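Subject: Structure handover

Hi,

Here is the structure you asked about. Please open it next to this note; my findings follow below.

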Amino acid sequence: MCGIVGYFGKRKASEILVDGLRRMEYRGYDSAGIACLFDGQIGLVKNAGKIKDLRAGVNASTDASILNATLGIGHTRWATHGPPNELNAHPHLDASGHFAMVHNGIIENYKEVRNGLAQHGVECISDTDSEVLIQLIGYCYQGNLEDAVSEALKKIKGTYGIVVMTDHEPGKLVTARCGSPIVLGIGKDETLVASDASAIIPHTRDAVYLEDFDMAVITDDGVEMLDLQHAPINREVTAMDWEEGAAEKGDYAHFMLKEMFEQPDAIGNAIRGRLDFDMGTAVLSGLDFSPRETALIGRVLVVGCGTSMHAGMVGEYAIEEMAGIPSEVEQAAEFRYRNPIITPTDLVVAISQSGETADTLAAVREAKHKGAIVSGLCNVVGSTIARETGRGVYLHAGPEIGVASTKAFTCQVSVMLMMALKLARTRRMPRHEGEELCGWIERMPELVEKVLTQNDAIKAVAQKYAQCEDTFFIGRGYLFPVALEGALKLKEISYIHAEGYHAAELKHGPIALLQENTPVVALLNNIPGKDKTLGNAEECKARNAPVIAVVSEGDEGVADGFDDVIVVPDCPPCITPVPTVVALQLLAYHIAAARGCEIDQPRNLAKSVTVE
Ligand code: F6R
């Protein structure tokens, strides 16, 4: 969602800020702005629309602050309170014009605070919840910015990641967080602040992650870390291990395409060093339970949202099938609010690419509060869920910039399978079976590579269906979550209405919608239940719906009589989701491309959903 960047150093702030915002464009936004401080004056440029428009505004500016400042703040806004327009765009100034702030998160009691300010003659001018905070900071100011910030923060309820500056103290930036990530980049003679490491990575690899209720005061003397009571705190500097260019799209038309093609390497990284062929098991250092502790795990609850939840479903099936441990997957928001029953022998696994999804984070807190063993499965290193769960497993998929999640899903499934294997080997799975599964997991990059070589064939199928407006994806068993994920991919980037259904469920209502322009993608791979799904696909065909059959290599005959066929490598049922989903990702991508959609930044979507 929204992106924050701040710069304090010796270089031209406006350039670094706009470039930082460009690097965070993938998060989803609808307006942007920067404020720079020079010679006791704050200069502001902001607009509704894209970073290229902001850049044009900055380039055209004759404001001395924008031209000369070496200190400033910037923001990309994903509208929550009030439409995306210039007034609602950040940075916001207070009524005096002496204070500027960028804010991520939601101020829940903003109406109450706004009314309170009005009683003291301070009027807000925007529709946003954020503006009340900078008005409050301005109101609380008595000569020291960090005092005013902490005073104001004590009066608000909600979540925030903020960066604030004032022309009363021109050599200072103050940043603070509660629920919205803030990372500091410590460079030579400069400090950057951002909500996302991608804005910092070109300048430095040394990062300090703020924790909730931390505040950092950045001056020429360096960075001072404080809590909201102003007691000094220590946060260690960690090295960010992104490869150069990892967050650039290179020669690919879109990040999504690049990330789909990165999957063999990404999965390779996710499994590297984690398979123990001798013992036929997986070694996940974040899940360092002894065999005895593992044997005591009574149930595995998996929580997540969207694509991550779909990966969790594959994990649920694998854990039950292989380890014989009862397992359930639940949408994280539902889990957090329905007062789930949790026992001390429950293992709760939170899956999140970003590690910042608000509902998944809240589910983690609820599970911890109720005494469960909690583990996080995240991609973004240092993210809140990764840090709060402690006992976590990183995906090592590298930065995922395309809003539609691709390589994170296949890496999440890879890690879930290794987790199931580890649990299974301490229960009922014999060593030789474990060894065989290790072999299949190790082959997953090669299976995905095979699907990617069919890019052109899948593109040809996609072009046939690019103009449809409704689609169904059906599957059973391990392919049911893949049907859900295939439909999610298509709807989010092509805006075609797509529904993922259990193949058996189609007859219980949705079949009424089928007609000659409603294609059905039927997942007919060679796994238990194939014949039943085949029958369901025939029922669709009998209602004139075109059927795109996804089948296993060597079993192409299954597709006879259907309209199109996509062939994926034959592999054991638990492995099938990985190559199959890659075929569906490519299908969705090429349909969206044929429709001329904005693939990397689909309308209304954000990469990291940090509000409920
Ligand atoms: C879909 C997609 C979303 C995310 C969901 C959870 O392509 O990306 O459905 O999977 O918002 O995000 P994370 O995994 O960051 O918790």
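Two rings of Phe, Tyr or Trp count as an aromatic pair if their centres lie within 6.5 Å. Planes over 60 degrees apart make the pair edge-to-face. The model is predicted, and it holds 4 aromatic pairs.

One of them joins phenylalanine 99 and tyrosine 141. Their ring centres are 4.9 Å apart and the planes meet at 65°, so this pair is edge-to-face. It links distant parts of the chain: phenylalanine 99 sits in strand β6, tyrosine 141 in the loop between α5 and α6, 42 residues apart. Both residues are buried.

Another pair is tyrosine 317 with tyrosine 478, also edge-to-face, at 5.9 Å centre to centre and 70° between the planes. Tyrosine 317 belongs to helix α10 and tyrosine 478 to the loop between β22 and α17, so the pair ties together parts 161 residues apart in sequence. Tyrosine 317 is partly exposed, at 25% relative accessibility. Tyrosine 478 is buried, at 6%.

Two rings carry a charge over the face. Lysine 50 lies over tyrosine 29, 4.5 Å from the ring centre. Arginine 603 lies over tyrosine 495, at 3.8 Å from the ring centre.

Now look at lysine 422, in helix α14. It is buried but has no salt bridge. The nearest side chain of opposite charge is aspartate 288, 7.5 Å away. Beyond its sequence neighbours within four places, lysine 422 contacts Thr281, Ala282, Leu284, Leu287 and Phe289.

On the overall layout, the domain assignment gives domain 1 (2-246), domain 2 (249-448) and domain 3 (454-597). The centres of domain 1 and domain 3 are 45 Å apart, taken over C-alpha atoms.

Best wishes

Definitions and conventions
Residues are numbered from 1 along each chain as its sequence is written. This is a predicted model: local features need pLDDT of at least 70, side-chain atom pairs count only at pLDDT 80 or more; totals for chains, interfaces and linings use all residues. Side-chain values use heavy atoms; hydrogens and water are left out. Helices (H or I, at least four residues) and strands (E, at least two) are DSSP runs, numbered from the N terminus. Buried means under 20% relative accessible area, exposed over 50%, partly exposed in between (1.4 Å probe, protein chains only). Lys and Arg count as positive and Asp and Glu as negative; His and the chain ends are not counted. A salt bridge is a side-chain nitrogen of Lys or Arg within 4 Å of a carboxyl oxygen of Asp or Glu. Contact means heavy atoms within 4.5 Å. Domain bounds come from an automatic or database domain assignment. Rings of Phe, Tyr and Trp (its six-membered ring) pair if their centres lie within 6.5 Å; planes under 30 degrees apart count as stacked, over 60 as edge-to-face and the rest as tilted. A charge sits over a ring if NZ of Lys or CZ of Arg is within 6 Å of the ring centre and within 35 degrees of the ring normal.
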